[in-house]
Amino acid sequence: MDVGTIWMDGEFVDWEDAQVHVLTHGLHYGTGVFEGVRSYDTDNGAAIFRWEDHLDRLYQSAKPYGMEIPFNREELTEATLELIEREDLPSCYIRPIAFYGYDMLGLNPGDAPVKVAIAVWPWGAYLGEEALEEGVDVAISSWRKFASSQIPTNAKTTGPYVNSVLASLEAEENGYTEAILLNKEGQVAEGPGENLFLVRDGEIHTPGLAESNLDGITRQTVIDLAEERGYTVHADATISRGELYTADELFFSGTAAEVTPIRSVDDTEIGLGTKGPVTDEIQQAFFDVVESGEREEWFTYV
Ligand SMILES: Cc1[nH+]cc(COP(=O)(O)O)c(CN[C@@H](CCC(=O)O)C(=O)O)c1O
């Protein structure tokens, strides 16, 4: 990858110089919070999709860990816009991260400084170029999604992503593109890096957030777009494993995954085994939004 600069604690540094001490608290204990954001090269120029919502979530994610991010919204916004321009990447994936840095180790971060970095890079179709059109084959993970009573699932925290890594590794080792995780009660939670939607008899269902799922910004976008098109959306659904197999359609949503159809679960074909008509309509509506860049309330223009 043709790399450039990274914004780190107020400075733009060369990619290879963006390094941390091996005794960084976040490296040992997973005490970091991050965002996954996309800038699109829209008809109205480069524009970051739902940046304000991602910023909201970044600061909210820091709260359970007593983490004070030492830069305000305006500073992070200015840094990100400048970084996109410096890297000349109107269409890119943006990774802001804040984490407890280097001081004497111990579970309590104590006087460890809060470090902040922002990187951008090109990132195409998260689950593969053909996935958006043809759908992906997924498997139910043997790992369960952790519960919000164990770790705040409304915070996008680095350490707990080992749960997602385990599920993704297992899926790939078994020949699948992605996993679906069940929660500790055995109900459908989400993907390792995506929310999940089910279509049945023309209505759309997605698991609720309280028990185990990230409050996805793309999930909310899908809900808004579906309701605008007259669909009934059940946004607090309890979905059993069996209902996945009998669904008319399934799809993932996420900043990286965008809207990706699921064509099989545990080798059981979903619907006709390809992208379904409702998924197609929602996916097209999503891409119309991010390609046009017209809905100003959802875009921060570079
Ligand atoms: C567990 C999880 N659930 C749902 C979502 C969708 O949330 P949103 O992006 O706000 O719609 C993501 C984003 N996963 C990010 C990280 C992916 C990665 O591999 O790292 C992403 O999509 O950027 C998750 O990590």
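## Charges and basis of the model

In the protein chain, the 19 positive and 56 negative charges have mean positions 6 Å apart. Lys and Arg count as positive and Asp and Glu as negative, while His and the chain ends are not counted; each charge is placed at NZ of Lys, CZ of Arg, CG of Asp or CD of Glu.

The model is predicted: local features need pLDDT of at least 70 and side-chain atom pairs pLDDT 80 or more, whereas totals for chains, interfaces and linings use all residues. Residues are numbered from 1 along each chain as its sequence is written, and side-chain values use heavy atoms, without hydrogens and water.

## Overall form

Eight helices and 17 strands form the secondary structure of the protein chain; these are DSSP runs (helices H or I, at least four residues; strands E, at least two), numbered from the N terminus. The C-alpha trace spans about 55 × 45 × 30 Å along its principal axes. Of the 302 residues, 53% are buried, meaning under 20% relative accessible area with a 1.4 Å probe, protein chains only.

## Nonpolar cores

The largest nonpolar core has 26 residues, and Leu76 and Ile94 have the most contacts inside it. Such a core joins buried Ala, Val, Leu, Ile, Met, Phe, Trp, Tyr and Cys residues through side-chain atoms within 4.5 Å. Helix α3 gives the largest share, five residues.

Beyond its neighbours within four places in sequence, Ile94 is in contact (heavy atoms within 4.5 Å) with residues including Trp51, Ile84 and Ile118. A second, separate core of 25 residues includes Phe49 and Phe286.

Technical notes:
Buried means under 20% relative accessible area, exposed over 50%, partly exposed in between (1.4 Å probe, protein chains only).
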